[in-house]
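Biologist: Please show me the model, and then let me ask how its descriptions are reached.

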Amino acid sequence: MCSSDLAFLLLSGAAVLPAQTAEVHPSLLFEAADIPTLKERVQRGPYSGWWSTVLSRANNIPSTFSSERDKARWAKSLAFAYVLTDSAHYAAQAASILADVKFPPRGGDLGEPHIEGEAVAHYAEAYDMLHGWLTANDAAALDTIRTILAEEAHRLYDGIEIKIGTGIFSLNFALHETPHIDNWHLRAYGGLGLAALAMRDHQ
């Protein structure tokens, strides 16, 4: 599809999205009904090897993190460890790290768009896996984490610009002051998409 075709669809209203279902957690990587299967699979190869890597990371949290992206990565590993072990210890650690992540709206600097997109994706996935535990055990942390993710999602969304040019329609996608779309930006938009799906009930 060329840019003029896309512009026509946007302007004509022909691009109609289906209605979103109500927010359910977990839903990004798997659903609650899938968890027993996941627990069974990690008992055998090759899944057991992958699970061992995730569990090792969850059991070896550094005292300090070198970047906000690393915080999001570790939080995701801890959240997955919680899902497969039902250990509140992992859930509480993940929640603490998520609440401490500083995306740009809170003064953090993640650098290039692809790094920021990856961090947002990890953050959204960790939030999605922890939502049930947070709802039952730490409503304040849930509110903080959800607010942090919403702030960053709004920032990424505001960074997307669609401009209708002169003559035949032209579209420009811009983020981080780069006037073209590339694979780095696609990772940022992917992170935004995961955040949007994880918080589909958000205003």
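Biologist: What is the handedness of the crossing of H5 and H7?

Modeller: The crossing of H5 and H7 is left-handed. The term applies if the near helix is turned anticlockwise from the far one by less than a right angle; clockwise would be right-handed. Helices here are DSSP runs (H or I, at least four residues; strands are E, at least two), numbered from the N terminus. This is a predicted model, in which local features need pLDDT of at least 70 and side-chain atom pairs count only at pLDDT 80 or more, while totals for chains, interfaces and linings use all residues. Residues are numbered from 1 along each chain as its sequence is written, and side-chain values use heavy atoms, with hydrogens and water left out.

Biologist: Why are H5 and H7 called oblique to each other?

Modeller: Their axes cross at roughly 45° and come within 9 Å. Under 35 degrees counts as roughly parallel, over 145 as roughly antiparallel, 65 to 115 as roughly perpendicular and the rest as oblique. H5 and H7 are therefore oblique. Axes are lines fitted to C-alpha atoms, for helices over the stretch in contact, and angles run from 0 to 180 degrees between N-to-C directions.

Biologist: Which residues of H5 and H7 meet?

Modeller: Ala-95, Leu-98 and Ala-99 of H5 meet Thr-144, Ile-145 and Ile-148 of H7. Contact means heavy atoms within 4.5 Å. By class, five of these residues are nonpolar, one is polar and none is charged. The nonpolar class is Ala, Val, Leu, Ile, Met, Phe, Trp, Tyr, Cys and Pro; Asp, Glu, Lys and Arg are charged, and the others, Gly among them, are polar.

Biologist: What makes H4 roughly antiparallel to H5?

Modeller: H4 and H5 pack at about 155°, with axes 8 Å apart. That angle makes H4 roughly antiparallel to H5. The crossing is left-handed.

Biologist: Why is H3 roughly perpendicular to H4?

Modeller: The axes of H3 and H4 cross at roughly 115° and come within 8 Å. That makes H3 roughly perpendicular to H4.

Biologist: Why is the pair of Phe-30 and Phe-80 called tilted?

Modeller: Rings of Phe, Tyr and Trp (its six-membered ring) pair if their centres lie within 6.5 Å; planes under 30 degrees apart are stacked, over 60 edge-to-face, and the rest tilted. The structure holds five such pairs. In Phe-30 and Phe-80 the centres are 6.1 Å apart and the planes at 55°, so the pair is tilted. Phe-30 lies in the loop between H1 and H2, and Phe-80 in H4, 50 residues apart.
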